[in-house]
Amino acid sequence: MDNPDPKTEQITLPQVGISEVLGLVELLKSKGGREDIYKLASELKMEFGDTLAVIKAAELLGLVNTPGGDVVIEPLGENLTRSRINARKIIIQEQLVKLPVFKKLSEFLHEKDDHQANRDQVLEKLAELIPNENVEQTFKTLVNWGRYAELFGYNDDSQTFYLDPESKT
């Protein structure tokens with residue numbers, strides 16, 4: 001009987017933009033680094049469920065922690081708020097490559113001669129990697145987060161997904 005390998009355990013990516021995650025971390029910093037989840041939802045003028053998705057994304061990236069009913073900025077999140085844009089991108093890139101779906105997709109592209117795949121190939125790979133998830137939504141999140149971190153690129157016209165040439169992964 002196969003036991004799942006914890007290193008390849010799949011994590012659901014919250015369907016939020018990276019700008020929302022960065023905004024949450026900035027807001028937390030302005031609040032002294034800690035805030036009640038419900039107060040954050042009100043402050044962000046978002047539905048509670050949407051706020052939770054942004055918090056989960058920030059937590060996945062190691063930027064915040066959620067003890068009890070609070071959201072607390074982590075040292076990495078604190079560092080992010082003090083960083084310039086290029087350093088922020090590097091911080092996010094370093095966190096993304098730790099997430100199984102980003103790691104596996106990066107490996108998939110590295111195996112290709114030209115380090116790129118068309119949209120359908122990536123969707124097919126995602127369906128294989130995360131069979132119980134909405135691959136279209138996950139694709140959008142991968143493109144959004146990957147572009148920001150300069151890990152992946154995506155050409156909308158040719159529908160080509162590729163490793164960013166500047167990427168260190």
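Are Phe 152 and Phe 161 buried or exposed? Phe 152 is buried, and Phe 161 is too (buried means under 20% relative accessible area, exposed over 50%, partly exposed in between, with a 1.4 Å probe and protein chains only). This is a predicted model, where local features need pLDDT of at least 70 and side-chain atom pairs count only at pLDDT 80 or more, while totals for chains, interfaces and linings use all residues. Residues are numbered from 1 along each chain as its sequence is written, and side-chain values use heavy atoms, with hydrogens and water left out.

**Aromatic rings**

- There are seven aromatic pairs in the structure (rings of Phe, Tyr and Trp, the last by its six-membered ring, pair if their centres lie within 6.5 Å; planes under 30 degrees apart count as stacked, over 60 as edge-to-face and the rest as tilted).
- One of them is stacked: Phe 102 and Phe 152, at 6.0 Å centre to centre with 10° between the planes.
- Phe 102 sits in helix α6 (residues 100-111) and Phe 152 in strand β5 (residues 152-155), so this pair ties together parts that are 50 residues apart in sequence (helices, H or I with at least four residues, and strands, E with at least two, are DSSP runs numbered from the N terminus).
- Phe 152 also pairs with Phe 161, this time tilted, at 4.9 Å centre to centre and 40° between the planes.
- Ring pairs join Phe 102, Phe 139, Trp 145, Phe 152, Tyr 154 and Phe 161 into a cluster.

**Charges over rings**

- Arg 119 has its charged end over the ring of Phe 139, 5.1 Å from the ring's centre (NZ of Lys or CZ of Arg must be within 6 Å of the ring centre and within 35 degrees of the ring normal).
- Likewise, the charged end of Lys 89 sits over the ring of Tyr 148, 5.8 Å from its centre.

**The nonpolar core**

- The largest nonpolar core has 49 residues, and those with the most contacts inside it include Leu 61, Phe 102, Trp 145 and Phe 161 (such a core is a set of buried Ala, Val, Leu, Ile, Met, Phe, Trp, Tyr and Cys residues joined through side-chain atoms within 4.5 Å).
- Helix α1 (residues 18-30) gives the largest share of this core, seven residues.
- Leaving aside neighbours within four places in sequence, Leu 61 is in contact with residues including Ile 18, Ile 92 and Trp 145 (contact means heavy atoms within 4.5 Å).

**Out on the surface**

- Glu 128 lies in helix α7 (residues 119-129) and, at 55% relative accessibility, counts as exposed.
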